Amino acid sequence: PVSVSRTSSLSMASPFFSTDIATALDKEVSYSPGKADTDFARKYGHLAGVEVKTVGEAFTTFTDILGTPVNALYKGICTDLVGSL
């Protein structure tokens, strides 16, 4: 009979991986949505957990307010506009 042994080690030089798995897991478990130290979290962190309309839902509301469907030729431009408001 042939004996096979497998070993694995995590040794990547990256800010996302650590050789200390316990520390990496603790960091993930203690994560709070919207509280990261990033520009994105600082700008949108106040929306964490808040019900936000999708672009599709916002476009439906926009179309209802407008009272008429938007021509497909202009739909992309209007979707960008509605999605950014």
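**Entry 1: Ala-48**

I began with Ala-48, which touches Pro-33 and Gly-34 when residues up to four places away in sequence are not counted; contact here means heavy atoms within 4.5 Å. Before going further I noted that this is a predicted model, in which local features need pLDDT of at least 70 and side-chain atom pairs count only at pLDDT 80 or more, while totals for chains, interfaces and linings use all residues. I also noted that residues are numbered from 1 along each chain as its sequence is written, and that side-chain values use heavy atoms, with hydrogens and water left out.

I then looked up where Ala-48 sits, and found it in the loop between α2 (39–44) and α3 (55–66). Helices (H or I, at least four residues) and strands (E, at least two) are DSSP runs, numbered from the N terminus. Ala-48 and Ser-32 are 16 residues apart in sequence, and their C-alpha atoms are 9.2 Å apart in space. Ala-48 is partly exposed, because its relative accessible area is 38% and the cut-offs are under 20% for buried, over 50% for exposed and in between for partly exposed (1.4 Å probe, protein chains only).

**Entry 2: the chain as a whole**

I next looked up the elements of the protein chain, which has 4 helices and 0 strands, so that from the N terminus on they run α-α-α-α. Of its 85 residues, 9% count as buried. The chain exposes about 7,700 Å², and carbon and sulfur atoms supply 60% of that area; accessible areas come from the Shrake-Rupley method with a 1.4 Å probe, and for residues only the protein chains shown count as cover.

I also wrote down the confidence, given as pLDDT, which is the predictor's confidence in each residue, from 0 to 100. The mean for the protein chain is 74, and 69% of its residues reach 70 or more. Confidence is lowest in helix α4 (residues 72–84), at a mean of 70, and highest in α2, at 89.

**Entry 3: aromatic pairs**

How many aromatic pairs does the structure hold? I found 2 of them. The rings of Phe-40 and Tyr-44 have their centres 5.1 Å apart and their planes at 50 degrees, so this pair is tilted. The rule I used is that rings of Phe, Tyr and Trp (its six-membered ring) pair if their centres lie within 6.5 Å, with planes under 30 degrees apart counted as stacked, over 60 as edge-to-face and the rest as tilted. Phe-40 and Tyr-44 are 4 residues apart in helix α2, separated by about one helical turn. Phe-40 counts as exposed at 60% relative accessibility, whereas Tyr-44, at 38%, counts as partly exposed.

Phe-59 and Phe-62 form an aromatic pair that is tilted, at 5.9 Å centre to centre and 45 degrees between the planes. Both residues lie in helix α3, 3 residues apart, which is about one turn of the helix. Phe-59 is buried, with a relative accessible area of 10%, while Phe-62 is partly exposed, at 28%.

**Entry 4: salt bridges**

I searched the whole structure for salt bridges and found 2, taking a salt bridge to be a side-chain nitrogen of Lys or Arg within 4 Å of a carboxyl oxygen of Asp or Glu. In one, the side chains of Arg-42 and Asp-37 meet at 2.6 Å, N to O, and I noted that Arg-42 and Asp-37 are exposed. Arg-42 also meets Asp-39 in a salt bridge, at 2.9 Å, N to O; Arg-42 and Asp-39 lie in helix α2, 3 residues apart, about one turn of the helix. Asp-39, like Arg-42, is exposed. Salt bridges that share partners join Asp-37, Asp-39 and Arg-42 into one network.

**Entry 5: a surface patch and a buried threonine**

Which residues make the nonpolar surface patch of about 480 Å²? I listed Phe-40, Tyr-44, Leu-47, Val-50 and Val-52. Patches are made of residues with over 30% relative accessible area and no salt bridge, where like charges are joined within 9 Å and nonpolar side chains (Val, Leu, Ile, Met, Phe, Trp, Tyr) within 5 Å. Leu-47 lies in the loop between α2 and α3, and at 34% relative accessibility Leu-47 counts as partly exposed.

Last, I looked up Thr-63, which lies in helix α3. Is Thr-63 buried or exposed? At 19% relative accessibility, Thr-63 counts as buried. Thr-63 touches Thr-68 and Pro-69, not counting residues up to four places away in sequence.
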